[in-house]
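Dear colleague,

Please find below the structure that I am handing over to you. My notes on what was found in it follow directly after.

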Amino acid sequence: MIKGEWRKFLCLLGMVIAAGLVAVVPAYSQDWASLKESFRKIQSVKAEFLQERHLQILKEPLVSEGRFFYLASGSLRWEYLSPLRSVMLQKGESVRLYHFSEGAWKQDMAQGVEARRMVLAEMSQWFQGRFEESRVFSHSYSPGPPGRILLTPGEGVNKFILGIEIVLADRPGVIDRVEITEPGGSSTRITFRNVGINASLDSKVFDEP
Amino acid sequence: MNLRKTPTTHYEQTERIVILLGHPKSPHPPFSKGGRGGICGGILCASKSNLLLRPFFLLAVLVLCAGCLSTPETPLLPGAPEDLDRCVALFPSEPWECVHTIEADIQGGMSSSLLGITKGDPAGRKLHTVLLTPEGFILFEAEQHGDTISVLKAVAPFESPAFARGLMEDVNLLFFPPQGRASKWGRSSDGAVLCQWESSAGYREELSLSTVMKISLVDRHGDLVKEALLTPPFVKGLASQIELRAHKPAPYKLKMTLLRGTP
């Protein structure tokens, strides 16, 4: 039961993160086949993001800022800088969560680590453009401009997410934003900036919080 | 404890759970390890079923009891009538909405960072509380109308009724003045304003106003159950920092930083 609920948790979290990563794809006017091919050429990604969480309980959205780093070999750093400073580190099968408190990084609770491990497993499929293998989402692509990838969840996950729209920027290889719509009127918008593709990344980024 | 389940409009796997509070200020641990009742309760429940282990459980109980903080009543010097008003003014008097970062430390060295949203209305003691991960995923959402709590969303390990009760009790403790009439108020020897309320179940809630504002909850045995330090400046009636320490039945600490608040 607990695993099942966390699996749904991972779906939401995974989609938020994975959608952002997948969106870092070249060229807004490509057809689907060449778009998929472009995934395979990505060895690394780094970017900053601004996340706006719209909830019915709040008049104004919750705004978070952060950055992420990704290596196609299987490493990821997804980090929030504000309002809470926290980081998720993945290297191979190992996933660790930390939050910054009282001047030091502290490891987060174990349940969260397991949830994120499952998230990352889902993400790796997306990252490699293997949408057809997803048992969670069906996809459609509109070449635009701007290019858009629409992800529609299947039965079960649609209790949490109604849809994810990835809007590509004019500049090839850069996403403008990801919008996640949930039942009940809540939504999340992640806007990316300063995106770098296939830059050299220090391995310490994925080892140390 | 009275539980009633009704269909939820959001999460299918988590039925909407309505909890009728048995007694206000009867403490439950929202942040115990595993989220299902806490170590104190677990030991006491398990001890009956295994005679061989009983000495160890008794030892553990003694150790835990030794850790309980006994809080004698503070002698009060006569205070002014407005001192009671000052105590009650510690809490928002109008509907409010606030967002906090929360650092939760529970027993065993485990910790977690969360975001908390609370909307409240002192009239009718209405609350709407949401607990989120840093990523924005809702872990827990509940409403309170008077003594009735409705859990709207909850995912493991936050789905137990004990967690819901404990969390909402904490929110009540921090944002609503004690119910009923104050049993006494006045000044301590160091000049702090003190106000006390006593419940029919023998719990005592004490507010202390000094350079730091303190809310203490003491059980009928005189043991300190929870205490909260509210650090100024107060922004629109809300403390910029709150540190809540729970001692019984399971210890945990919440450090809350106000991100924004609107009355």
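**Findings**

Of the 209 residues in chain A, 40% are buried; a residue is called buried if 20 or more other C-beta atoms lie within 10 Å of its own, exposed if 12 or fewer, and partly exposed in between, with C-beta atoms placed from the backbone. This is a predicted model, in which local features need pLDDT of at least 70 and side-chain atom pairs count only at pLDDT 80 or more, while totals for chains, interfaces and linings use all residues. Residues are numbered from 1 along each chain as its sequence is written, and chains are lettered from A and ligands numbered from 1 in the order in which they are written.

**Chain A**

Over residues 1–28 of chain A, pLDDT stays under 50. For that stretch the model has 88 contacts beyond four places in sequence, where two residues are in contact if their C-beta atoms, placed from the backbone, lie within 7 Å. Among the contacts in chain A with a separation of 6 or more, 51% are between residues 24 or more positions apart.

There are four helices and 11 strands in chain A; helices (H or I, at least four residues) and strands (E, at least two) are DSSP runs, numbered from the N terminus.

N194(A), in strand β11 (residues 187–197), has a positive phi of about 50° although it is not a glycine. With 10 other C-beta atoms within 10 Å, N194(A) is exposed. N198(A) is in the loop between β11 and α4 (204–207), and its phi, also positive, is near 60°. N198(A) counts as partly exposed, because it has 13 C-beta neighbours inside 10 Å.

**Chain B**

Two cis peptide bonds may be noted here. One runs from P232(B) to P233(B), with omega near 5°; P233(B) belongs to strand β13 (residues 224–235). Another joins K248(B) and P249(B), with omega of about -10°, and P249(B) is placed in the loop between β14 (238–246) and β15 (252–262).

Strand β15 of chain B also holds T257(B). This threonine counts as partly exposed, with 17 C-beta neighbours inside 10 Å. Leaving aside residues up to four places away in sequence, T257(B) touches H100(B), T101(B) and Q241(B). Its C-alpha atom is separated by 8.5 Å from that of A239(B), which is 18 residues apart from T257(B) along the chain.

Yours sincerely

Note on methods
pLDDT = per-residue confidence, 0-100.
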